[in-house]
Amino acid sequence: MNYYIVIPAHNEEAFIALTLESLISQTVLPKKVVVVNDNSTDKTAEIVTAFVKENPFITLVNKTSSAIHLPGSKVIQAFHKGFETLDEDYDVIVKLDADLILPNNYFETILNIFEKDATIGMAGGFAYIEKNGEWILENLTDKDHIRGAFKAYRKACFQQIDNLKPAMGWDTVDELLSKFYGWKIATDASLIVKHLKPTGANYNKTARYKQGEAFYTLGYGFLITAIASAKLAMMKKKPFLFLDYIKGFWKAKAAKTPLLVTAEQAKFIRNYRLKKMKEKIF
């Protein structure tokens with residue numbers, strides 16, 4: 001199985017070398033790695049260029065965009081820019097952040113997961129962050145969810161969900177659409193990925209309403225949004241975020257923001273979410 005990787009990178013001089021080192025140390029190497037230098041003002045491009053010289057499967061693409069870090073849209077637009085430079089000769093496509101250290105057997109294990117079960121559309125490990133000198137699970141999501149920082153897709157699944165959506169919620173809608181089309185999602189707890197920069201570290205102030213907007217555009221409806229917002233605010237230990245999320249939902253509804261999914265997909269998503277919630281309660 002061939003796998004290609006696209007890495008959007010904006011001002012990642014502190015981490016990108018560590019990420020690329022962990023890629024060139026994989027037991028099964030990627031066929032192609034595209035790093036998209038998204039408007040960086042630091043030495044990101046220089047660091048990547050040094051790796052390109054030594055590793056012909058790595059390429060650098062430069063992109064200019066807004067410096068404002070809004071969750072979802074900016075990073076996926078950069079992903080699209082990198083993906084456009086690739087050919088079709090891949091079995092697995094990977095979207096990777098530029099602030100990760102992957103275990104050496106990460107992609108060998110991921111490819112084995114795909115090879116053993118043809119119904120698995122997405123696979124990934126778990127994100128760990130450093131706290132007081134220890135690496136602990138970055139516990140923001142359920143165990144059956146793959147973090148947006150390291151998403152691996154089987155080609156047929158990726159094509160069926162029609163690439164990644166340039167909006168916040170892209171790393172939830174991809175999984176919900178995969179399930180809508182009958183694909184399974186696999187996580188492997190043995191794959192510990194070191195996430196060097198905590199999630200959301202760069203988001204600006206307007207981003208706090210974006211989570212509620214994302215819940216709206218996923219077709220959640222108000223009830224599921226309220227439950228999901230309360231859960232996320234508690235997990236982040238910031239209860240007042242709940243109000244921001246709800247406000248974001250109503251703002252999106254009032255603005256008639258387009259959904260990321262069709263009416264049929266939205267209905268499936270609501271039913272799926274309610275079923276999962278009931279399973280946790282009973």
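The area buried between domain 1 and domain 2 is about 1700 Å², with carbon and sulfur atoms giving 73% of it; buried area is the accessible area (1.4 Å probe) that two parts lose on being put together, summed over both. The model is predicted: local features need pLDDT of at least 70 and side-chain atom pairs count only at pLDDT 80 or more, while totals for chains, interfaces and linings use all residues. Residues are numbered from 1 along each chain as its sequence is written, and side-chain values use heavy atoms, with hydrogens and water left out.

Domain 1 covers 3–195 and domain 2 covers 206–279, bounds that come from an automatic or database domain assignment. Their centres, taken over C-alpha atoms, are separated by 25 Å. At the interface, 18 residues of domain 1 are in contact with 21 residues of domain 2, contact meaning heavy atoms within 4.5 Å.

Between the two domains, 3 residue pairs are in polar contact, both residues at pLDDT 80 or more. A polar contact is a pair of N or O atoms within 3.5 Å; within protein, one must be able to donate a hydrogen and the other to accept it, and residues adjacent in sequence count only if both atoms are side-chain atoms. The side of domain 1 that touches domain 2 consists of 10 nonpolar, 4 polar and 4 charged residues. Here Ala, Val, Leu, Ile, Met, Phe, Trp, Tyr, Cys and Pro count as nonpolar, Asp, Glu, Lys and Arg as charged, and the others, Gly among them, as polar.

The whole structure holds 12 salt bridges, each a side-chain nitrogen of Lys or Arg within 4 Å of a carboxyl oxygen of Asp or Glu. The rule finds 1 salt bridge across the interface of domain 1 and domain 2. Two of the pairs are tabulated.

| Salt bridge | N to O distance |
|---|---|
| Asp-144 and Lys-276 | 2.7 Å |
| Lys-197 and Glu-12 | 2.8 Å |

Lys-197 and Glu-12 link distant parts of the chain, 185 residues apart.

Definitions and conventions. Helices (H or I, at least four residues) and strands (E, at least two) are DSSP runs, numbered from the N terminus.
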